[in-house]
Structures are given as structure tokens and as C-alpha cells.
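Please look over the chain below before reading on. The briefing starts with its surface and then goes through its helices, its sheet and its aromatic rings.

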Amino acid sequence: LKEYGLDSIVIPTFINVATFRPSGKNRKEGFKILSVGRIVKEKNFETLFLGFKKLKKMFPEAELSIVCEGPAENYYKEFTEKNEIDVNFIGAVRNEKLPELYREADVFALSSVFETQGLVALESIACGTPVVGIKNTSLSEIVSWGKNGYLAENTPEDIADKIVNAKSLSREKIHETVKAATDEQTYYSSLMKIYGDLIESRKH
């Protein structure tokens, strides 16, 4: 929009923080990486998969799970088989199951270069799980460097490096970093302010 001389305001969609919240329980040892999203080529899973392959050489215990389905699922299954990458394609799950999956993960990873809002990233952070995404996407408005995750260059090497760094982040206060963005009242207040400002501007 900026390239066309248009101003824009981004208001993240609020999420149910009563559902998406930390469990408060001790987590099991391991290195679980999770990604949630429709399996289409626009999601750029190649970068994540190749990055995971590099990471697994350093951390043999690491696991990568992909939640959801999509038209490119067979393509990516063939891609991982051809490149000898062990990825767990879970398929679609019910929404009420997602919070548990977020909490069990050590890192949530998104490799899409066309992420428009990153709702799943908000859900993950609200559950206390750090996020790794790609730079120059909408995730830059959600991910706070070194606080709730990292943004990587669109390369397997850098996404692997950032996933390792994210795993070491303290999870104690991660969910608080998106408190304003996930609050329902804040969402509606921001929306009403925009409509109010727009109405006032039309009066002049």
C-alpha cells in the first residue's frame, strides 16, 4: 500500500486468551518444533524443511510437526522424502486441540514470505511458546526480537539458527508480550477510534 501512496493501520484480530494461554505445568524434555498452516506452496515450507535438516544434525532429538492439510501436501511429502527429512505431517486437528500442541512445542516456526496477519503466531505466543518467522512480513508487528522469538532471513541456515536461539528463551513472560494485541476490548476500542476519526475527517 505504501508503494501506491496509501496509508494503512493494522489491527490484529484478538484471540481467546482464556483458551490460548500457558498451561503452568512443567514441560517434557526434548526439542519440538511446530508449524500450523494450510499446506500450500506459498507457505515456503522448503526453507523450513531444509533448515530443520541442518538443525537435526546438531540436535538429533529434534522433531518437526506440521498441522493442517492442503493441496501441496503430497508435493511436500515427496520433497521431504527426496531430501531425507523426517517431518511429521499431523493433518488437520480440531481447534480445541491447538492450545495443547502450542504448549508442547519448544518453538513455533513459520516460513511463509506472504504472511498477512500471523494469527497462529499470536496464538502460539499467547500459549507461551516463542515464534520464529521470516523478516519483512506482518510478523514484524508481533515478534519482539529476543523477547518472544526471532525473525530470520529466508534461508535454511538462518531459520535453523533462529530456531535454536528461540528454544533458549525464557518462556515465563512470553505470553505477556502480546497482551495488548490479543485483548478483545483493545481490538474494539481501536476499531471504533478508526471509524470515529474517519467520520470526523469526512465532515471537513
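Accessible areas come from the Shrake-Rupley method with a 1.4 Å probe, and for residues only the protein chains shown count as cover. On that basis the protein chain exposes about 12,100 Å², of which carbon and sulfur atoms supply 50%. This is a predicted model, in which local features need pLDDT of at least 70 and side-chain atom pairs count only at pLDDT 80 or more, while totals for chains, interfaces and linings use all residues. Residues are numbered from 1 along each chain as its sequence is written, and side-chain values use heavy atoms, with hydrogens and water left out.

**Overall build**
- The protein chain has six helices and six strands, taken from DSSP runs (H or I of at least four residues for helices, E of at least two for strands) and numbered from the N terminus.
- Of the 204 residues of the protein chain, 42% count as buried, where buried means under 20% relative accessible area, exposed over 50%, and partly exposed in between (1.4 Å probe, protein chains only).

**The enclosed helix**
- Seven of the eight residues of helix α4 (residues 119-126) are buried, so this helix is largely enclosed by the rest of the structure.
- The buried residues of α4 pack against β1 (31-36), α3 (98-104), β4 (107-109) and β5 (131-134), with contact meaning heavy atoms within 4.5 Å.

**The sheet**
- Six strands form an open sheet in the order β3-β2-β1-β4-β5-β6 with parallel pairing, and two strands pair if DSSP finds at least two bridges between them.
- The edge strands, each pairing on one side only, are β3 (88-91) and β6 (149-152).

**Aromatic rings**
- The structure holds 10 aromatic pairs, counted for rings of Phe, Tyr and Trp (its six-membered ring) whose centres lie within 6.5 Å; planes under 30 degrees apart count as stacked, over 60 as edge-to-face and the rest as tilted.
- Phe49 and Tyr76 form an edge-to-face pair, at 5.7 Å centre to centre and 85° between the planes.
- This pair links distant parts of the chain, since Phe49 belongs to helix α1 (residues 45-58) and Tyr76 to helix α2 (residues 73-82), 27 residues apart.
- Phe49 also forms a tilted pair with Phe79, at 6.5 Å centre to centre and 35° between the planes.
- One aromatic cluster is formed by Phe45, Phe49, Tyr75, Tyr76, Phe79 and Phe89.
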